[in-house]
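Please read the points below beside the coordinates.

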Amino acid sequence: MLVKISAKTIHISDTLKQYMQDKLEAGVSKYVKSAVSAEISITKQRHLINTHILVHEGIHPDKIIQSEAAEDDVQVSFDFALEKALKQLRRFKRKNKTYKG
């Protein structure tokens, strides 16, 4: 999966970028095997760090998972946004699962 990380008005270290990429890939691959790409954008507004995550899941071409969170810390903001995105993926997977009956 291709992960694009961009930051505006804030500097993100390489270790934090690697942490974000690893956590995102591990979480998304748990629910969707063929995710195409993901974008993480981080901006700073006053004292809050805003994290916006977009995941193109690949099975349905029009399905895009979006989540965002705002916190004081970059890592906490990313973790909250990732938690929201994974919750959406989990619900999407459960909704589209076919049950044999």
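1. The buried residues of α2 are Val 74, Ser 77, Phe 78, Ala 81, Leu 82, Ala 85, Leu 86, Leu 89 and Phe 92, where buried means under 20% relative accessible area, exposed over 50% and partly exposed in between, computed with a 1.4 Å probe on protein chains only. Helices (H or I, at least four residues) and strands (E, at least two) are DSSP runs, numbered from the N terminus. The cover over these buried residues of α2 includes α1 (14–31), β2 (37–45), β3 (48–56) and β4 (64–71).

2. This is a predicted model, in which local features need pLDDT of at least 70 and side-chain atom pairs count only at pLDDT 80 or more, while totals for chains, interfaces and linings use all residues. Residues are numbered from 1 along each chain as its sequence is written, and side-chain values use heavy atoms, with hydrogens and water left out.

3. Beyond residues up to four places away in sequence, Ile 53 touches Leu 24, Glu 39, Ile 40, Ile 65, Gln 66, Ser 67, Phe 78, Ala 81 and Leu 82, a contact being heavy atoms within 4.5 Å.

4. Thr 51 lies in strand β3 and counts as buried because its relative accessibility is 1%. Its side chain is joined to that of Ser 77 by a polar contact of 2.7 Å, meaning a pair of N or O atoms within 3.5 Å, of which, within protein, one must be able to donate a hydrogen and the other to accept it, and residues adjacent in sequence count only if both atoms are side-chain atoms.

5. Asn 50 is also found in strand β3, and at 19% relative accessibility Asn 50 counts as buried. A polar contact of 3.1 Å joins the side chains of Asn 50 and Gln 45. Leaving aside neighbours within four places in sequence, the residues in contact with Asn 50 include Ser 41, Ala 69 and Ser 77.

6. Strands β1 and β2 run parallel and are joined by seven bridges, pairing being assigned if DSSP finds at least two bridges between two strands.

7. Which residues deserve a check of their backbone angles? Most residues other than glycine have a negative phi. Thr 9, in the loop between β1 and α1, has a positive phi of about 60° although it is not a glycine, and Thr 9 is exposed, with a relative accessible area of 64%. Arg 46, in the loop between β2 and β3, likewise has a positive phi, of about 55°, and Arg 46 is exposed at 80%.
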